[in-house]
Amino acid sequence: MYDINDCYKIIFEAMAENLTLNNIAEQIYGYTGKGIAFISGSGRLMASAGFEDEQTTVSFFRKGHLSWDGYQLFFGKKKAGKSCLYTEPVYDKKKISGYVLLTCGDAKDRAFFEELGGFLAKIVERFFAQEQKRYLYNQSLRKHMIAWTIMEDDIDIDQIKELQGGKYMAALFLKSENTSSGLSGFLRDSGNAAYVYENEGEIRILFCKLTEQGAERIRKRLDEYQLNGCVSELFSDGHLCRAKEHLLARIARSGQTAQMEHGIRQEREWFIPGIYSYATPLIEEAGLMDYSIQRLLEEDEEKHTDLYNTLKVYLICENNITLAAKKLHIHRNTLVYRLKQIEKCLDVDLNDTETSWDLLAFIMMNDMVRQKQEKE
């Protein structure tokens, strides 16, 4: 039989010694012999003790995080094998900032564990309030769990009914490239249809049940909040969610290393330069170069034009005049005039696909060589 006063004594002694959540968990587990865990409002495991001793085939935690199975048991079934499961919310003002999770072997002990959970929730408030400051966006634990599960865990997406139906769109934002207010404002405006996974350096978002019109509204909000990041195309197969997030992470890293322009980088726009970013070392090793590119650079230097960059952006945008003009912040007619100048200077037809691909390959190689020379 447990005595709540003994637990009070253990906790107060731990506080007096300024012990961590792990120490508190270990000491409570040492007294009760039952599993105890503290998780943040995003599902991150802050401390635990005794769960590896639980006689169940369920993995309550994975990768330092509450698992999807663990979430369903603690917040749904309330039972795993012979163990009763108990959750106690921890509040930061009026918002839930985390939970105390407890197991108990017999229903007759539930009153004791409920009282213990309530007391612990008060004691650990400051730990959870500090943890909550790491996050820009507050969403329900269930939405946090769905976001973490599809982006970090290995689980069949078909198990999560909220994600079924409509189309998807993924997005990724590096915190270092954006203001906190811009990211927070965008998430508040768009959060109803989104599942957000946030860590120290980035925010990943999965938008669900979208139509073409809904996706366009999201893109307009991105421009309104002047965010810098990567956004995927709409896709219908939910099993591609993790692959899309990995692709966006690669686009974000390539943007940092290549010092690409800020703004929203679309998956489709990145496709061609992405391929050539991997091909350029091979091109350099082979000693390939195109002297027509040098002529274009000389033209820019002599007449103070911007033809080289104009051609580069135009080719990256797959010869899309409207999109390229938007990226260059110039009128469409201005771009058309510049393209005619470029064709005259290089004596080429930019409508020819092979010519365009060849020019882009040499532009990419030329940029890489120039960057290396500048570093040296």
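Predicted model: local features only at pLDDT ≥ 70, side-chain atom pairs only at ≥ 80, totals over all residues.
Residues are numbered from 1 along each chain as its sequence is written, and side-chain values use heavy atoms, with hydrogens and water left out.

Q: Why is Ala171 called buried?
A: Buried means under 20% relative accessible area (1.4 Å probe, protein chains only). Ala171 has a relative accessible area of 2%, and therefore counts as buried. Ala171 belongs to strand E8 (residues 167-174), a strand being a DSSP run of E with at least two residues.

Q: Why does Asp349 count as partly exposed?
A: Partly exposed lies between buried and exposed, the latter meaning over 50% relative accessible area. Asp349 has 41% relative accessibility, so Asp349 counts as partly exposed. Asp349 is found in the loop between helix H14 (332-346) and helix H15 (353-375), helices being DSSP runs of H or I with at least four residues.

Q: What makes strand E1 and strand E7 a pair?
A: Two strands pair if DSSP finds at least two bridges between them. Strand E1 (residues 36-40) and strand E7 (residues 95-104) are joined by 5 bridges, so they meet the definition; they run antiparallel. Phe38 has Val100 in E7 as its bridge partner.

Q: Why are strand E2 and strand E5 called edge strands?
A: The open sheet has 5 strands in the order E2-E1-E7-E6-E5, with antiparallel pairing. Strand E2 (45-49) and strand E5 (79-80) each pair on one side only.
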